[in-house]
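Please keep the model open while reading.

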Amino acid sequence: MTSAVLDDPMTQFTNEPVRELRRAPERARLEEALAELDRRLPIAVPVTIGARVRDEPSFDSVDPSDPGRIVARATAATSREVEGAVRVAAEAQREWGARPAIERARAMSRAAGELRERRAELAALAVRECAKPWSQADADVCEAIDFLEFYARGALALDAASPLIQMPGERNTLRHRARGVAAVIAPWNFPLAILAGMTAAALVTGNAVCVKPAEQSPACGLAVVEALRQGGVPDGVIALLPGDGAVGGALVEDPAVHTIAFTGSGAVGLEILRKAASPAAGQRHLKRVIAEMGGKNCVIVDADADLDEVIPALLDSAFAFAGQKCSAASRTLVHERIADELLDRMRGALHTLRVGPAEDFETDVPPVIDPDARARIESALADLGPGSEIERAAVPAGPGYWVAPTIVAGAPADSGVVTSELFGPVLTIEPVAGVDAACEIVDGLGQALTGGLFSRDPATIERVAARTPVGNFYVNRATTGAMPGRQPFGGNRLSGMGFKAGGDEYLLQFVDALVITENTVRHGLPIE
Ligand code: NAD
């Protein structure tokens, strides 16, 4: 086993290196893993609570590149099972939470080792279940490994005594304790990494977890839960509850859930926040919600920007994984002096993108996740009406959920394409009078997740960075690809609340703090 167990708690965290896909042997290894996976499809994803497993499939996940291929046959958890899972988790949490932090950290690190060992197979699974092109699928596995290793080390740091001011005759101690049962409600677009990150953070700080993967990616959820159990997380401490939003809703409302870690759309996040705010009858705690939601990410291009750099970075930011990253660029606010040139060149560049099945190494833009996503994106484009200029790349024949990569110029400011997160391969190009006008537009938005700037002027970079409301700001590069420990990630305003994932403070959200102040002046000893 290649697990980097935390024998030495001081081991430095480093990001898991991604595969070099230009090398033929690497590609061959992945193709072999895909062929092996295909022989095992469909994968059964049962409801798993403690040692109990119920496998009575009620819904499927399919390959968006070829929807006739069923990837998983999953069993949706009932509301009684949700309640039962929370009860089992609450019981198991006491022993797990009482273990020394190093034991839980080692379990995370061993689970990371399990993922490393299954790395090619898991990338293949993300290719099939979520149509992630290979480079993105491999990066998803690497990020899942990173989260496990990063939070393992973070939990040890959190556990170490925090220095408080000490006075003679008084001892002050700060301790962090697990909150209780955490519900992890995950999206499909990082089906391994985000689910693994939220789950590991809750587990390593001593909580038990009920995991609800997205309905589009139950098999990826199962793979992470299996790795954690193999790494040493006791059965009762982690439950897998496949299903749709109703399962997530039941978890949110369960009075014995203490923490809800949610990543997904703004609408669902707000609903979770509303529901979690009112304690149920008899509930003796407030639920804490960590909600990471969508963005409407703008890239500002100043007149002095180098378009040779801007164009590939914009193509990557807007169209990789068909624009289905929360960090994807969706609006370009370009200085009017160079707007025509940028638009012309982007139109040309658009046609170099190859739309195709996720498993083809040449594919730049895979299909979107499902027919609903395709309908949502196409309807927003159809609503643009006359007056907008739309450029679209070609899509292949075949049954995949293709959406042509699209550039829109002249879109009305109040159109859905400009105001809403489409979560698809659509990029607007909008001329602005200058960088300050662009900053006004960005500041007027409710979402504030990622943003970008292309400029050669350090003073401009500093000025825009100081004004931007976003959580992750990228200068002279693509706006996606945050890595744990290197670019802690998360949005502001309506895009999210809570500390950044992959950052030092993230774990604080899964614990309660206790300060003990002891009078250490002894007024006599008991007589023996
Ligand atoms: P979604 O909100 O539709 O679903 C997310 C999860 O919530 C799924 O597991 C779903 O079943 C569950 N859910 C749905 N309705 C629910 C309800 N009423 N109560 C409880 N749970 C419910 O989002 P999605 O389509 O899976 O993911 C795409 C969205 O996620 C985009 O908006 C994207 O920007 C966002 N996202 C944000 C981040 C971030 O870090 N900020 C990262 C990834 C994705």
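In the interface, 20 residues of domain 1 are in contact with 19 residues of domain 2; contact means heavy atoms within 4.5 Å. This is a predicted model: local features need pLDDT of at least 70, side-chain atom pairs count only at pLDDT 80 or more, and totals for chains, interfaces and linings use all residues. Residues are numbered from 1 along each chain as its sequence is written, and side-chain values use heavy atoms, with hydrogens and water left out.

The domain bounds come from an automatic or database domain assignment.

| Domain | Residues |
|---|---|
| Domain 1 | 25-34 + 78-293 + 495-514 |
| Domain 2 | 297-475 |

The centres of the two domains, taken over C-alpha atoms, lie 31 Å apart. Together the domains bury about 1,700 Å², with 66% of that on carbon and sulfur atoms. Buried area is the accessible area (1.4 Å probe) that two parts lose on being put together, summed over both. Of the area that domain 1 buries against domain 2, 29% comes from Pro133, Trp188 and Ser495, more than from any other three residues.

One salt bridge is counted between the domains. The term needs a side-chain nitrogen of Lys or Arg within 4 Å of a carboxyl oxygen of Asp or Glu. A salt bridge joins the side chains of arginine 128 and glutamate 359, at 2.9 Å from N to O.

On the side of domain 1 that touches domain 2, helix 1 (24-40), helix 4 (119-130) and helix 5 (134-159) each give two or more residues. Helices are DSSP runs (H or I, at least four residues), numbered from the N terminus.
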